[in-house]
Amino acid sequence: MNFRSTRGQAPVLGLGAALAAGLAPDGGLYVPESLPELGIRDFDGCDTLATVAARLLRPFFADDSLAKELDSICRDALDLDAPLRPVGERTWLVELFHGPTAAFKDFGARFLAACLARLRRCGDTPVTVLVATSGDTGAAVAAAFHGRPGFRVTILYPDGRVSPRQAHQLGCFGGNVEALRVAGSFDDCQALAKRALNDTQLKSTTPLTSANSISLGRLLPQMSYYASSALQHWRAHGRPLNFVVPTGNLGNALACIVARAIGLPIGEIALATNANRVLPEFFAGGDYAPRASLATLANAMDVGAPSNFERLRWLYPEAPALRQAFRAESIDDDEIREVIRASRERYGTLVCPHTATALRLLERLRAGGESKDWAVAATAHPAKFDGVIEPLVGSAIEVPSALATLLARPSHSEPVTADYATLRDRLASSRVP
């Protein structure tokens, strides 16, 4: 299988080359030239996340040098729990926060790192993995690449717009990982990263790749937990599973969308955003109009220009068909607070602010008469947002052991301006430890 840019002005590449590039040279995102078609019976005998992922992704790896490594990549990277937890009548949470940094980003980051490590050859020039993060991506990428020979990670995050524990995670690795806190928004960080990834002169001396959701190495493995949950539900109930996905940059939601397009038993897909309303306004019939992002309690979704909208338009070139295929609604901070306060009583568990947006959207659907089977993607452990959640529920949140280990480390980040020339000089002069 080959991969092309969403903008159509870049050479077609095989999977390994597309993973290594991160962003296409024309500024577009890599997508497969065609989607495979798989049915439920194709997954007979696949009863773990790793085996489901290997079967699901095999067509995408066809004829690539990584094809023979796919099974071991999945075993190494996707040995994480993603339980489908019942929390009400015909309602489930897909818990995606049991990895080393307590967020769903661990799945994609570990998979990408496993792929890129296998692509390296002795004597290759070290690679800088450049990542813009609104909270969770940076820590997951840092954990996945920390200590890997031949890789350096540079994290860009918006100063003051991630939770204190998220900020601590971003700066606690050291070694081949550096954290830069940018005076600006996530959109500023993302613009800096994209500009560097498109800087051919810089890349001629400093090999760069991306670990944001623009990377195929993030998109492909994230399909696996939707596939696995849908298959588990189908085998138990004989019905498709519908999903509500909290979304900012659209990467996680797109993984669910592509899994459905391939043929997994996934029904409706609803997109929950925070007060950043670019997607809800488009799905309500307005123009797609990116804008400066707003700061909210669900900070990892504070995105005003979702990159993966390009991939969504690749799947649905006609706006009317796209609008008919999904629904998207905005949840404000007051609603997030209300869901968090009531979450123990309603769902038997605490939830993070991002998961709360999806639960609120599902509550709206239920109030409107929706009675089908729905799962909410629970994207991060609530302990990462203690400053938001503990005052609302009046008690401390137990910290999972993996997160506690990271929080016990010293943490350091450096302040920088949202200036590309400064970043460029820094990337060009730095060396991989």
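**Entry 1: Arg-218**

I began with Arg-218, which counts as buried because its relative accessibility is 3% (buried means under 20% relative accessible area, exposed over 50%, partly exposed in between, with a 1.4 Å probe and protein chains only). I am working on a predicted model, in which local features need pLDDT of at least 70, side-chain atom pairs count only at pLDDT 80 or more, and totals for chains, interfaces and linings use all residues. Residues are numbered from 1 along each chain as its sequence is written, and side-chain values use heavy atoms, with hydrogens and water left out.

I placed Arg-218 in helix H9 (helices are DSSP runs of H or I with at least four residues, strands are runs of E with at least two, and both are numbered from the N terminus). I then listed what Arg-218 touches, not counting residues up to four places away in sequence: Lys-105, Gly-108, Ala-109, Thr-137, Ala-211, Asn-212 and Ser-213 (contact means heavy atoms within 4.5 Å). Ala-109 is 109 residues from Arg-218 in sequence, yet their C-alpha atoms are 6.4 Å apart.

**Entry 2: Asn-212**

Asn-212 has 7% relative accessibility and so counts as buried. Leaving aside neighbours within four places in sequence, I found Asn-212 in contact with Leu-130, Val-131, Ala-132, Thr-137 and Arg-218.

**Entry 3: Leu-29**

I looked up Leu-29 in the loop between helix H1 (15-21) and strand S3 (30-32). Its relative accessibility is 0%, so Leu-29 counts as buried. Outside the four places on either side in sequence, Leu-29 touches Arg-4, Ser-5, Thr-6, Leu-23, Ile-214, Ser-307, Asn-308, Glu-310 and Arg-311. I also checked Leu-29 against Pro-317: they are 288 residues apart along the chain, and 15 Å separates their C-alpha atoms.

**Entry 4: helix H7**

I checked the length of helix H7 (residues 186-197): its 12 residues should span 16 Å at 1.5 Å a residue, and the end C-alpha atoms are 16 Å apart, so the two agree (the expected span is 1.5 Å times one less than the number of residues). The buried residues of H7 are Phe-186, Asp-187, Cys-189, Gln-190, Leu-192, Ala-193, Ala-196 and Leu-197. I noted that these pack against strand S6 (127-132), strand S7 (151-158), strand S8 (177-183), helix H8 (200-205), strand S9 (208-210) and helix H18 (420-429).

**Entry 5: helix H10**

How many of the 12 residues of H10 are buried? I found 11, so the helix is mostly covered. Among the buried residues are Gly-251, Asn-252, Cys-256, Arg-260 and Ile-262. The cover includes helix H2 (49-61), helix H9 (216-237), strand S10 (241-246), strand S11 (266-273), helix H12 (309-315) and helix H13 (319-325). Just after H10, I noted a positive phi of about 130° at Gly-263.

**Entry 6: aromatic rings**

I found 10 aromatic pairs in the structure (rings of Phe, Tyr and Trp, the last by its six-membered ring, pair if their centres lie within 6.5 Å; planes under 30 degrees apart count as stacked, over 60 as edge-to-face and the rest as tilted). Phe-282 and Phe-283 make an edge-to-face pair, 5.3 Å centre to centre with 85° between the planes. Both Phe-282 and Phe-283 are buried.

Tyr-316 and Phe-326 are also paired edge-to-face, at 5.4 Å centre to centre and 85° between the planes. I placed Tyr-316 in the loop between H12 and H13, and Phe-326, 10 residues apart from it, in the loop between H13 and strand S12 (327-330). Tyr-316 is partly exposed at a relative accessible area of 22%, whereas Phe-326 counts as buried at 6% relative accessibility. Ring pairs link Phe-282, Phe-283, Tyr-288, Phe-309, Tyr-316 and Phe-326 into a cluster.

I then looked for charges over rings. The charged end of Arg-323 sits over the ring of Phe-282, 4.2 Å from its centre (NZ of Lys or CZ of Arg must be within 6 Å of the ring centre and within 35 degrees of the ring normal). The charged end of Arg-120 sits over the ring of Phe-151, 5.4 Å from its centre.
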